Amino acid sequence: MSPIKFICFVSIFLLCQDAVAAKSFYSDGDFYFGGKLGGVLLDSEEPLEPGENKMVNLSSGLTLGYNINSYLSVETDMSYLGQYQDELSGEDKNLFAIGASLSTRYRLSDDAALYVKLGPAWVEDNVSLSSGLGIKYRLSPNWELDSGYRWIKDTPSTDDDLYEFTLGINYKFGVVSHQPVRPAVEPTLKHKKKVELLDATSTTAITVSKPVSISAKSLFGFDSSKLVATEALAEVLKNVIASKDTEICITAYTDSLGAKEYNLTLSKQRAEATRSYFISNGVEPSRIHVDWKGEASPVATNRTAEGRALNRRVKIELN
């Protein structure tokens, strides 16, 4: 499969995934600006002399982009692609290019995303097809690392395909700093029971007289509603079994990464998975009430990994 066919296929696949599942990357700030350095290889079809290797030239460039939404952006770049030999004159020339592309991102984690881009590249007054893929990694709210690969078809005067590998850094404008949001004070319920919560960072059981908030990370896999650990739920189960008239209220939440509809669906699936755990362990379904809020009612900022981890939670009340 040619590079352009492969990257087109991946682009369509990621766009469909984003449209259906909305597993998207962050989009803090609208505009971003960056620089890059790398190496360029001209894939000449001419036979090489014995012992001769294809030359890799140093490349550099500037990038300006705009985030349309959390998974789509448009980008333009100006690049120096090294020296090459003009096939007509035989002279060494510097090769420059201006590119424009549409890029889609697929979230790999809180801070990393795979991206694919496709568009035209203007090289020496001619237009060539360009495509690329890479990974962006967030270093801070404003700065991100960009490691990528680009292919330009049939560059002028050489008619050779060009392959570029770069490492760059981008600065994002418009990022707003938020102070952590303090949890709302829950009203005391008349018949609320004392329950024990297994702390996510400790093996010591803590007795509390307020709703139990369990980190989603301690229950589910990344971006999943499948229970992978139930130690914290087992602590709650002990209290439920001990009191036959206790009712369980389960509410699930997510962070704000991704589309609201997807987050709401994921929180629903996690709430129902938690409900199924209690039912499978002998609790009557009539005693269990579930709710899901998606990214609503955050207890911390969604601008940091630590804050997002606090917002991904399952709250359990015993009444």
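Two strands pair if DSSP finds at least two bridges between them. Strands (E, at least two residues) and helices (H or I, at least four) are DSSP runs, numbered from the N terminus. The model is predicted: local features need pLDDT of at least 70, side-chain atom pairs count only at pLDDT 80 or more, and totals for chains, interfaces and linings use all residues. Residues are numbered from 1 along each chain as its sequence is written, and side-chain values use heavy atoms, with hydrogens and water left out.

Start with the open sheet. Its four strands run in the order β11-β14-β12-β13, with mixed pairing. β11 (212-215) and β13 (288-294) are the edge strands, each pairing on one side only. Inside the sheet, β12 (residues 248-253) pairs with β14 (residues 313-318) in the antiparallel sense, over six bridges. There, Thr-251 stands opposite Lys-315 in β14.

Next, the helix. α2 (residues 231-242) packs on this sheet and touches β11, β12 and β14 (contact means heavy atoms within 4.5 Å).

Now the charges. Side chains of opposite charge can pair when their charged atoms come close. The whole structure holds nine salt bridges (a side-chain nitrogen of Lys or Arg within 4 Å of a carboxyl oxygen of Asp or Glu). In one of them, Glu-75 meets Lys-117 at 3.2 Å, N to O. This pair links distant parts of the chain: Glu-75 lies in β3 (residues 72-85) and Lys-117 in β5 (residues 112-123), 42 residues apart. Glu-75 is buried at 9% relative accessibility (buried means under 20% relative accessible area, exposed over 50%, partly exposed in between; 1.4 Å probe, protein chains only). Lys-117 is buried too, at 12%.

Methods: Axes fitted to C-alpha atoms, helices over the stretch in contact; angles between N-to-C directions.
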